[in-house]
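Colleague: Could you walk me through this model and the terms you use for it?

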Amino acid sequence: MKRFSKLFVLALVLTLVVSMFAACGGGGSDEGEEAAGTVDIGIVLPTKDEPRWVQDETRFQEALASTDYSVEILFSQGSSAKEKENVDALIAKGIKTLIICPQDGAAAAAAVQAAKAEGINVISYDRLITDTDAVDYYVTFDSIAVGAAQGQYLIDNAKGAGEPLYLYAGAASDNNAFLFFEGAWTVLQPKIADGTFVIANSSEAEALKDKATLTRDEMSKIIGQVTTNWDFNEAKNKAESHLTAADDAMKGDVAILAPNDGTARAIADAFAADSAVTSYVVTGQDAEIASVQYIIDGKQSMTVFKDVRTLVKDSIDMAVSLLEGSTPATTGSYNNGAIDVKAKQTEVVVVDQSNVKAAMVDSGYYTAGEFTGL
Ligand code: GAL
């Protein structure tokens, strides 16, 4: 009897240890992490270190609470190698559909090719996976419209002629960084040409300032110079060194194209700390809670609100259609360098102090208690 209960306890401990290891595997989260063949939909997101992607995880969890399909969400923590491991782990668990937001659009091709080889449907989520035919669908926001809205906001709030314009961009490994920049450049370039803005921090942009439309190589040159890599510290360091290099004529009232909220807050803090900067208008994107607070406090001028609930719903609807053998609805396509990928695209909303409460709180997206001074 004694021996039996000892064995029983040992078996229990072993089971617990094994399930703890399984739960830790891939740094991931929720449901269906047990045996092969138990996960229907695998979701891979780039990193937990940026609030944007934690937002997506939360919205996926909310949306999935009511589905019968089993789902597992894994994070790649900024590493393409980890991303490939995550995809391989999900393949081993028998997923039928993969929803993946790549860390690096080109590097993710190998991971999705491995999935495709197993007959798994691949949905590229928010960021396009490039240079492979192993992507079936793309769900995304209108990223050119995001950049255009940022550029237009700077134009609408320009203080006069010759205003210094500081340009910043996302990571060159993210196809979206090009779309955002393209959208912004399209509206800003005529205003650089007519003297409303003077480029303050990019010799490459200065050299291309008369070109209304830039090639991808030309954008690469500018992005290579003003990239933040989507990293707050890199954004802050770059802004500080630009301010150190700038003379007073490049300060005063300034306009700043910041690609997203995390980098906007870092860049805004650097500009706010420079006494020769009288005022700044800075763009953002994602409507992160911290940036909504910055907007309320007058420290960030605007953000582009991307309703993640819509993106999540679109990708789940797509995954479910595929699981049920039907063809998902799409609104257009994106060329990824190898093929035209059928895409479902969502619109975006500009948020600043004038509509922050209505758009972010009254809409039910966030609750009033998450902010002060509303
Ligand atoms: C982009 C994404 C943005 C932003 C950025 C940094 O691809 O569309 O919403 O979060 O990455 O992660």
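Colleague: Happy to start with the domains: how many Å apart do the C-alpha centres of domain 1 and domain 2 lie?

Modeller: The C-alpha centres lie 29 Å apart. This is a predicted model, where local features need pLDDT of at least 70, side-chain atom pairs count only at pLDDT 80 or more, and totals for chains, interfaces and linings use all residues. Residues are numbered from 1 along each chain as its sequence is written, and side-chain values use heavy atoms, leaving out hydrogens and water.

Colleague: What makes up domain 1 and domain 2?

Modeller: Domain 1 is 31-135 + 308-346, and domain 2 is 143-306 + 351-370; such bounds come from an automatic or database domain assignment.

Colleague: How many residues of domain 1 are in contact with domain 2?

Modeller: 16 residues of domain 1 are in contact with 16 residues of domain 2, contact meaning heavy atoms within 4.5 Å.

Colleague: Why is the span of H2 called close to the expected one?

Modeller: The expected span is 1.5 Å times one less than the number of residues. Helix H2 (residues 51-64) has 14 residues and reaches 20 Å from its first C-alpha to its last, close to the expected 20 Å.

Colleague: Which residues of H2 are buried?

Modeller: Among them are Trp53, Phe60 and Leu64; buried means under 20% relative accessible area, with a 1.4 Å probe and protein chains only. Their cover includes strand S1 (41-45) and helix H12 (308-323).

Colleague: At what angle do the axes of H5 and H6 cross?

Modeller: Roughly 35 degrees, and the axes come within 7 Å; axes are lines fitted to C-alpha atoms over the stretch in contact, with angles from 0 to 180 degrees between N-to-C directions.

Notes: Helices (H or I, at least four residues) and strands (E, at least two) are DSSP runs, numbered from the N terminus. Buried means under 20% relative accessible area, exposed over 50%, partly exposed in between (1.4 Å probe, protein chains only).
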